[in-house]
Amino acid sequence: MKMVCKGCGESRKGVRSHIIPESFFRVIRDNDYTLKIISTQPGEYSKKAPIGVYDSGILCKNCEDLFSKLDDYGAKILISRKELKPLFSNNSTVGFMLNGVDYRLLKLFFISILWRASVSNMPFFKKVKLGTLEHEAKRLIWSGDSGGEHTFSFVLAKFTGDSSFNKAMLYPYPRRVAGTLYYLFYLAGYVLYIKASSNPTPRVFRKFISNSDELIIVNRGDLLESEEFDVLKQGNV
């Protein structure tokens with residue numbers, strides 16, 4: 001069935017488009033989980049999703065292929081790379097340093113997730129709405145330009161610990177940091193905070209904007225001790 005592609009604007013056959021790449025869901029599935037989508041909405045129940053969440057009404061094949069390089073790089077950095085250097089403060093691990101990161105490519109990968117989530121009609125992404133910034137996100141993706149340091153700036157955090165819950169996939173949702181809108185995405189053990197506002201990056205997050213090939217990742221601790229765990233308990237996982 002043909003649809004109007006949200007990339008090129010042409011009437012073409014849609015293809016199965018994973019807003020969050022399937023590889024991120026595969027990590028969870030490989031841990032012998034029955035993969036579930038956990039809703040944060042009252043009255044909505046968890047659903048099985050063997051290959052993750054995809055939308056066939058977003059992109060044609062030509063436009064979907066534009067995302068392959070970004071998706072592959074995101075998986076390489078967040079799934080395949082293991083050499084995280086711990087950062088300590090008062091004998092506690094407060095974060096990690098990852099070297100050899102192409103910050104432009106990684107940022108474009110995160111922007112691509114944000115844009116795809118915004119244009120998708122899937123219930124999993126219904127809280128993600130970029131509004132007037134949707135066009136800007138698309139322009140950056142198609143031009144390969146990651147924008148200025150405050151444009152869709154992000155902070156990456158990581159759940160740690162031995163619990164298998166740490167890689168759970170929760171619905172993305174909005175949160176304000178110092179009055180500035182961010183969206184949170186859960187990516188197989190990582191939490192992405194990505195700014196969706198024309199406001200400058202809040203001072204508390206500016207230290208995480210990289211000007212080199214080093215990326216600081218915040219330690220979020222064990223998911224079992226986080227506010228998100230209440231959502232997982234409600235989902236009866």
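**Notes on a predicted model: strands, rings and cores**

1. Strands and helices here are DSSP runs, numbered from the N terminus: E with at least two residues for strands, H or I with at least four for helices. Strands β9 and β12 pair in the antiparallel sense, over 5 bridges; two strands pair if DSSP finds at least two bridges between them.

2. Before going on, please keep in mind that this is a predicted model, in which local features need pLDDT of at least 70 and side-chain atom pairs count only at pLDDT 80 or more, while totals for chains, interfaces and linings use all residues. Residues are numbered from 1 along each chain as its sequence is written, and side-chain values use heavy atoms, with hydrogens and water left out.

3. Strand β11 (residues 180-187) also runs antiparallel to β12, joined to it by 6 bridges. Y182 stands opposite K195 of β12. The two strands β11 and β12 make a hairpin with 2 residues between them, and A188 in that turn has a positive phi of about 50 degrees.

4. How many residues of β12 (residues 190-195) are buried? The count is 6 of 6, where buried means under 20% relative accessible area, exposed means over 50%, and partly exposed lies in between (1.4 Å probe, protein chains only). Y190, L192 and I194 cover one side, and V191, Y193 and K195 the other, and all are buried.

5. Now for the rings: the whole structure holds 13 aromatic pairs. Rings of Phe, Tyr and Trp (its six-membered ring) pair if their centres lie within 6.5 Å; planes under 30 degrees apart count as stacked, over 60 as edge-to-face, and the rest as tilted. Y103 and F154 are stacked because their centres are 5.2 Å apart and their planes are at 20 degrees. This pair links distant parts of the chain, with Y103 in helix α4 and F154 in strand β9 (residues 154-159), 51 residues apart. Both Y103 and F154 are buried.

6. F154 has another partner in F110, this time edge-to-face, at 4.9 Å centre to centre and 70 degrees between the planes. Here too α4 is linked to β9, across 44 residues. F24, Y103, F109, F110 and F154 form one aromatic cluster.

7. Two lysines sit over rings: K138 over the face of W142, at 5.7 Å from the ring centre, and K158 over the face of Y190, at 4.5 Å. The test asks for NZ of Lys or CZ of Arg within 6 Å of the ring centre and within 35 degrees of the ring normal.

8. In the largest nonpolar core, of 57 residues, I20, F24, F110, F185, L187 and I194 touch the most other members. Helix α4 gives the most to this core, with 12 residues. Such a core is a set of buried Ala, Val, Leu, Ile, Met, Phe, Trp, Tyr and Cys residues joined through side-chain atoms within 4.5 Å.

9. Finally, have a look at S118, in helix α4 (residues 103-119). S118 counts as buried because its relative accessibility is 5%. Its side chain makes a polar contact of 2.7 Å with the side chain of E134 and reaches the backbone nitrogen of L130 at 3.0 Å. A polar contact is a pair of N or O atoms within 3.5 Å; within protein, one must be able to donate a hydrogen and the other to accept it, and residues adjacent in sequence count only if both atoms are side-chain atoms.
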